[in-house]
Amino acid sequence: MIDRERLVDSFLELVKIDSPSGEEDLMAEEMVRRLKSLNVDVWEDDHGNVLGRYPDPTSSIETIGSPILLSAHLDTVEPGKGITPHFDGPDIIRSDGTTILAADDKGGCAVILEVVESIQEDDSNHRPLEIVLTRGEEIGLVGAVNLNYSDLSSNIAIVIDAGGPPTTIQSASPYYYGYDIQVIGRAAHAGLEPEKGVPAIRIASEIIVGLPQGRLDDETTGNVGIISGGHVVNAVPDRCRIQGEMRSMSKETVELLVADAMVHLDQIRQAWPDAEIDADFDLKMPGFKLDPLDPAATLIFKVLESLEMIPAPQAFGGGTDGNIFRGHGIASVVIGRGGYEQHTVDEYLVIPEMLDCAKVVETACMTL
Ligand SMILES: [Zn+2]
């Protein structure tokens, strides 16, 4: 049975292991150790993501139905070093206010451990479980992008990585394009012979005013986030770089924005034939709208209903590993694990909601 005390203890131990993005080794080692001790067949892929199967295919444990993937991420945002969790009343855990708490996503990791342990000790009929704990989720879903999908056979996944109670189901997330534009001009002395130069910063500024910025409609935003260029004040700058993003719940809208930006760049190229303008627009994250007939959604709605919980689908502006899994043909639902104020030093965890999350995930593993 899902055990509150054991779940909370795991959570408290995991949050004390520092694992900001790029520094996940200790957290990965600890999860490998814990999963192994639960008889999970566990390994790390080339990227260092932790993968597991339960039961171990060489064991004699019988399972029911098709496999299900349970996923969380190993990394955290900053400030995430030296986290000191403490109780605020019987049901809330907070940091000391100088760091995040890292319920995002140590809460998800703790839930997965608890579900495996509970299923094992109860000897419950369950689906074959696959486990994926990614690195670098917070810096662009890097682990999920580099995951070795041929190691997996699940067609459905539960990604335990939303805020709020487990009834919080991510119903949509945006299509997200990042861009990187390089303007290469020509340097010249700014005071003596500026006409010999090709002013990269000026050209970049003409580009920037034509790029979509701010809120464009209900479900679409754009942002120029970083500019860099120039070396000294008395030289015509020969380089300028512009980086930004566009996101929309509508694939058509964001693709139209990219196409418009390309046309705009061509106009600037014509106006400045001596400049070289290289632009890279990259769909960093495919968005989605949850289809009620999606097999993962159908399963989770059924499970919530059986536990007398009312699903509360919500569109989030951000993405999770679920976006990437979907792109690899794995129907994925993202559910809440009891955390709030994520990515801030005010982050906190509501224990009964994490406990409910573990019950939901365990029930999903036992439901066909
Ligand atoms: Zn997360």
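**View A. An open sheet of 4 strands, ordered E4-E5-E20-E19, pairs in antiparallel fashion.** Strands here are DSSP runs of E with at least two residues, helices are runs of H or I with at least four, and both are numbered from the N terminus. This is a predicted model, in which local features need pLDDT of at least 70, side-chain atom pairs count only at pLDDT 80 or more, and totals for chains, interfaces and linings use all residues. Residues are numbered from 1 along each chain as its sequence is written. At the edges of the sheet sit strand E4 (86–87) and strand E19 (339–340), each pairing on one side only. Two strands count as paired if DSSP finds at least two bridges between them.

**View B. Strand E4 meets strand E5 (residues 92–94), and helix H9 packs on the sheet.** E4 and E5 run antiparallel and are joined by 2 bridges. Look for Phe87, which stands opposite Ile93 in E5. Helix H9 (residues 351–365) touches E5 and strand E20 (348–350), where contact means C-beta atoms, placed from the backbone, within 7 Å. The direction of H9 makes about 60 degrees with that of E20; axes are lines fitted to C-alpha atoms, for helices over the stretch in contact, and angles run from 0 to 180 degrees between N-to-C directions.

**View C. Helix H3 spans residues 103–122.** From first C-alpha to last, the 20 residues of H3 reach 27 Å, close to the 28 Å expected, a span defined as 1.5 Å times one less than the number of residues. H3 is largely enclosed by the rest of the structure, because 17 of its 20 residues are buried. A residue is buried with 20 or more other C-beta atoms within 10 Å of its own, exposed with 12 or fewer, and partly exposed in between, with C-beta atoms placed from the backbone. Just after H3, Asp123 takes a positive phi of about 55 degrees.

**View D. Lys251 lies in helix H6 (residues 251–271).** Lys251 is partly exposed, with 15 other C-beta atoms within 10 Å. Leaving aside residues up to four places away in sequence, Lys251 touches Tyr175 and Gly287. Gly185, 66 residues apart from Lys251 along the chain, has its C-alpha atom 34 Å from that of Lys251.

**View E. Domain 1 (4–173 + 287–365) and domain 2 (175–285) come from the domain assignment of the protein chain.** Such bounds are taken from an automatic or database assignment. The C-alpha centres of the two domains lie 38 Å apart. Their contact takes 7 residues from domain 1 and 6 residues from domain 2.

Note on methods: Contact = placed C-beta atoms within 7 Å.
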